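Welcome to my notebook. These are my entries from a first walk through this structure, set down in the order I looked things up.

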Amino acid sequence: MATPRYWLIKSEPSVYAYAKLEEDGRTEWTGVRNFEARNNLRAMTPGDLCLYYHSNEDKAVVGVAQVLSHPGPDPTAPGEDWASVDVGPVVAFTTPVTLATIKATPALKDFPLLTRSRLSVTPTPAEHFELVLKMGKTKLPKTAAAKPKPKASPRARP
């Protein structure tokens, strides 16, 4: 299996919290309406890992999700040129890593959450992924493969 790439995905916890992803087992990551973020979705491959960021309300990285499907058309935008992937939970952070903590960490000055703050899907360098995981006092399970339920449930649009 190829080495996974790393991403940051954002959702407001009142719209689709990481706990809901754990409950559902998997979901379609839909509703992205920015061309750069769409292109990032299209670059994802099954097995890639995503830092899951709660935007607006909590402002913290709270878990790790895994890309479960190849990119396809976004079913919430029929006939339009948007993309979606299925994602599943891997592990919730032991300690959420807040935006304030990220901003105060010099090694994360180039973290996409700070440099591309308006994007809901961004590639993340491996060293940033690993540092944020460490800051969250969280380790990936031996196998990062999620055990998803068979059918993806639609995520509420951002």
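**Entry 1: an aromatic pair.** Before I start, I need one cut-off: a residue counts as buried under 20% relative accessible area, as exposed over 50%, and as partly exposed in between. I also remind myself that this is a predicted model.

I looked up ring pairs and found four aromatic pairs in the structure. One of them joins Phe35 and Trp82, which are stacked, with 4.9 Å centre to centre and 25° between the planes. Phe35 sits in helix H3 (residues 35-43), while Trp82 belongs to the loop between strand S5 (72-73) and strand S6 (83-98), so this pair ties together parts 47 residues apart in sequence.

Are the two partners buried or exposed? I checked each in turn. Phe35 has 54% relative accessibility, so I note Phe35 as exposed. Trp82 has 12%, so Trp82 goes down as buried.

I also noted a cluster: ring pairs link Tyr18, Trp29 and Tyr52.

**Entry 2: strand S1.** Next I turned to strand S1 (6-11). How many of the residues of S1 are buried? I find six of the six, so S1 is largely enclosed by the rest of the structure.

I then asked where the side chains go. In a regular strand they alternate between the two faces of the sheet. In S1, Tyr6, Leu8 and Lys10 point one way, and Trp7, Ile9 and Ser11 point the other way.

Which strands does S1 pair with? One partner is strand S3 (residues 49-54), which runs parallel to S1 and is joined to S1 by six bridges. Here I see Ser11 opposite His54 of S3. Another partner is strand S7 (residues 121-123), antiparallel to S1 over three bridges. On that side, Trp7 stands opposite Pro123 of S7.

**Entry 3: the nonpolar core.** I looked for the largest nonpolar core and found that it has 21 residues. Those with the most contacts inside this core are Ile9, Trp29, Leu41, Met44, Tyr52 and Val121. The elements that give two or more residues to the core are S1, helix H2 (18-24), H3, S3, strand S4 (60-67) and S6. Which element gives the most? My note says S4, with four residues.

Two of these names were already in my pages: Trp29 and Tyr52 also belong to the ring cluster.

**Entry 4: the largest pocket.** I moved on to open space. The largest pocket holds about 530 Å³. Of the 21 residues that line this pocket, Lys10, Ser55, Asn56, Ser117 and Arg118 are the closest to its centre. S1, helix H4 (99-103) and helix H5 (112-115) each supply at least two residues of the lining. By class, I list eight nonpolar, seven polar and six charged residues in the lining.

Entry 5: Last, I checked the backbone. Most residues other than glycine have a negative phi.

Asn56 is exposed, with a relative accessible area of 51%. Lys59, at 39% relative accessibility, counts as partly exposed.

How values were computed. Residues are numbered from 1 along each chain as its sequence is written. This is a predicted model: local features need pLDDT of at least 70, side-chain atom pairs count only at pLDDT 80 or more; totals for chains, interfaces and linings use all residues. Side-chain values use heavy atoms; hydrogens and water are left out. Rings of Phe, Tyr and Trp (its six-membered ring) pair if their centres lie within 6.5 Å; planes under 30 degrees apart count as stacked, over 60 as edge-to-face and the rest as tilted. Buried means under 20% relative accessible area, exposed over 50%, partly exposed in between (1.4 Å probe, protein chains only). On a 1 Å grid over the protein atoms alone, a cavity is a set of points where a 1.4 Å probe fits but cannot get out, and a pocket is an open set with protein on both sides within 12 Å along at least five of seven lines; lining residues have an atom within 4 Å of a point. Grid points are joined across faces, edges and corners, and a volume is the space filled by probe spheres set on the points. Ala, Val, Leu, Ile, Met, Phe, Trp, Tyr, Cys and Pro count as nonpolar, Asp, Glu, Lys and Arg as charged, and the others, Gly among them, as polar. Two strands pair if DSSP finds at least two bridges between them. A nonpolar core is a set of buried Ala, Val, Leu, Ile, Met, Phe, Trp, Tyr and Cys residues joined through side-chain atoms within 4.5 Å.
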